[in-house]
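Let's read a structure together, one feature at a time. Have the sequence and the model open beside you.

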Amino acid sequence: MIQFTIDIIRDYDYILQAIQFFDQYASFVLTLRKSGQYCLLLDNVNHYFEEVVAPSYSGSLYDLYFYSGALLNVFVLWEENGKKETPEELAAVMCRLMKNPCGTKE
């Protein structure tokens, strides 16, 4: 089993893989969003992180909720804005933001 760390979930390849996974279901995600049922998706993404990632994660549950919410919300915005960036460009932006989410000096 993978030992999840903050460095793994903030890793470019991990973020890119998540974007590509969500993108397979973009139509479904956008349908949920437009019908006011987006919370169902967010609840299930949070559940995944609690059940699958948290047991082998070395950080706090707050980290995982922050991460899953950011990942899903940025993905939805990207889809709704017509996917102007490539998945790779979006992953790079998200990676940068997640490594320094408040713009503070590290």
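Q: What should I know about the model and its numbering before starting?
A: It's a predicted model, where local features need pLDDT of at least 70 and side-chain atom pairs count only at pLDDT 80 or more, while totals for chains, interfaces and linings use all residues. Residues are numbered from 1 along each chain as its sequence is written, and side-chain values use heavy atoms, with hydrogens and water left out.

Q: How many helices and strands does the chain have?
A: Helices (H or I, at least four residues) and strands (E, at least two) are DSSP runs, numbered from the N terminus. Here you get 6 helices and 0 strands, so the pattern along the sequence reads α-α-α-α-α-α.

Q: How do I check the span of helix 5?
A: Take one less than the number of residues and multiply by 1.5 Å; that's the expected span. Helix 5 (residues 61-80) has 20 residues and covers 28 Å from first C-alpha to last, close to the expected 28 Å.

Q: And what sits at the two ends of helix 5?
A: At the start, look for a polar contact (a pair of N or O atoms within 3.5 Å; within protein, one must be able to donate a hydrogen and the other to accept it, and residues adjacent in sequence count only if both atoms are side-chain atoms). A side-chain oxygen of Ser60 comes to within 3.2 Å of the backbone nitrogen of Tyr62. After the helix comes Gly82, with a positive phi near 85°.

Q: Which residues of helix 5 are buried?
A: Buried means under 20% relative accessible area, exposed over 50%, and partly exposed in between (1.4 Å probe, protein chains only). In helix 5 the buried residues include Leu64, Tyr67, Leu71, Phe75 and Trp78. Across the 106 residues of the chain, 33% count as buried.

Q: Which residues line the largest pocket?
A: On a 1 Å grid over the protein atoms alone, a pocket is an open set of points with protein on both sides within 12 Å along at least five of seven lines, and lining residues have an atom within 4 Å of a point. The lining here is Tyr14, Gln17, Ala18, Phe21, Phe22, Val45, Tyr48, Phe49 and Leu71. Helix 2 (12-24) gives the largest share, 5 residues, and helix 4 (38-53) supplies at least two.

Q: How do I read an aromatic pair?
A: A pair of aromatic rings is described by the distance of the centres and the angle of the planes. Rings of Phe, Tyr and Trp (its six-membered ring) pair if their centres lie within 6.5 Å; planes under 30 degrees apart are stacked, over 60 edge-to-face, and the rest tilted. This rule gives 7 aromatic pairs. One of them, Tyr14 with Tyr67, is tilted, at 6.3 Å centre to centre and 45° between the planes. That pair joins helix 2 to helix 5, with its residues 53 apart.

Q: Why does Tyr14 count as buried?
A: Because its relative accessibility is 18%; Tyr67 also counts as buried, at 2%. Tyr67 pairs with Phe49 too, edge-to-face at 5.5 Å and 70°. Phe49 lies in helix 4, 18 residues from Tyr67.

Conventions. On a 1 Å grid over the protein atoms alone, a cavity is a set of points where a 1.4 Å probe fits but cannot get out, and a pocket is an open set with protein on both sides within 12 Å along at least five of seven lines; lining residues have an atom within 4 Å of a point.
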